[in-house]
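Me: I am new to this structure. Please take me through its charged pairs, step by step.

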Amino acid sequence: MTSTITGRAATDRAARYGKQLCSHLSRKIDAMFDAEAGTGTIRRGEAVATLTATGTALEFSLTAPTQDELFTLMFVAQSHLERFGDKDELACAWDDESVLPAYEALRAEREAERAARKAAEAQTAAGTPA
């Protein structure tokens, strides 16, 4: 069963953020953004996100073969966009509230893992055993 979700990040600089996101992600996965057309795609395995820049938001439409793959792509897009747009208080909003509790639990788990990795790296860099 295919899983899908749509969402958006409200911003008047949608094309800029779409281009930045795809450029950054293209180092590890298939991602491209056409700033003139205001559209792009991100592919991670069989999961695909279609991005559309409007005058008021960067809109997303995600499709994946499983909910886990969908959540992973949601997390990748959201975490990167929100870090890039921290000064602008950029926030992603998803349209299907029925999946949000499970997604938010996964997101919290991954953010905690990321924080633990960063702390371990900082300790190693400081010469303190982890």
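Me: What makes the meeting of the side chains of Arg-8 and Asp-95 a salt bridge?

Reply: This is a predicted model. In it, the N to O distance between the two side chains is 2.8 Å. The cut-off is within 4 Å, so the pair counts as a salt bridge. Arg-8 sits in strand S1, and Asp-95 in the loop between strand S6 and helix H3, 87 residues apart.

Me: Why is Arg-8 called partly exposed?

Reply: Its relative accessible area is 32%. Buried means under 20% and exposed over 50%, so Arg-8 falls in between. Asp-95, at 38%, is partly exposed as well.

Me: How do you know that Asp-88 and Arg-13 meet in a salt bridge?

Reply: Their N to O distance is 2.3 Å. That is within 4 Å, so the name applies. Asp-88 lies in the loop between helix H2 and S6, while Arg-13 lies in the loop between S1 and helix H1.

Me: What makes Arg-43 and Asp-30 a salt bridge?

Reply: Here the N to O distance is 3.8 Å. The limit is 4 Å, so this pair also qualifies. Arg-43 belongs to strand S3 and Asp-30 to strand S2, 13 residues apart.

Me: Why does Asp-30 count as partly exposed?

Reply: Asp-30 has 45% relative accessibility. Exposed needs over 50% and buried under 20%, so Asp-30 is partly exposed.

Me: Which residues do salt bridges with shared partners join into one network?

Reply: Glu-82, Glu-104 and Arg-107.

Me: How many salt bridges does the whole structure hold?

Reply: The search finds five.

Conventions: Residues are numbered from 1 along each chain as its sequence is written. This is a predicted model: local features need pLDDT of at least 70, side-chain atom pairs count only at pLDDT 80 or more; totals for chains, interfaces and linings use all residues. Side-chain values use heavy atoms; hydrogens and water are left out. Helices (H or I, at least four residues) and strands (E, at least two) are DSSP runs, numbered from the N terminus. Buried means under 20% relative accessible area, exposed over 50%, partly exposed in between (1.4 Å probe, protein chains only).
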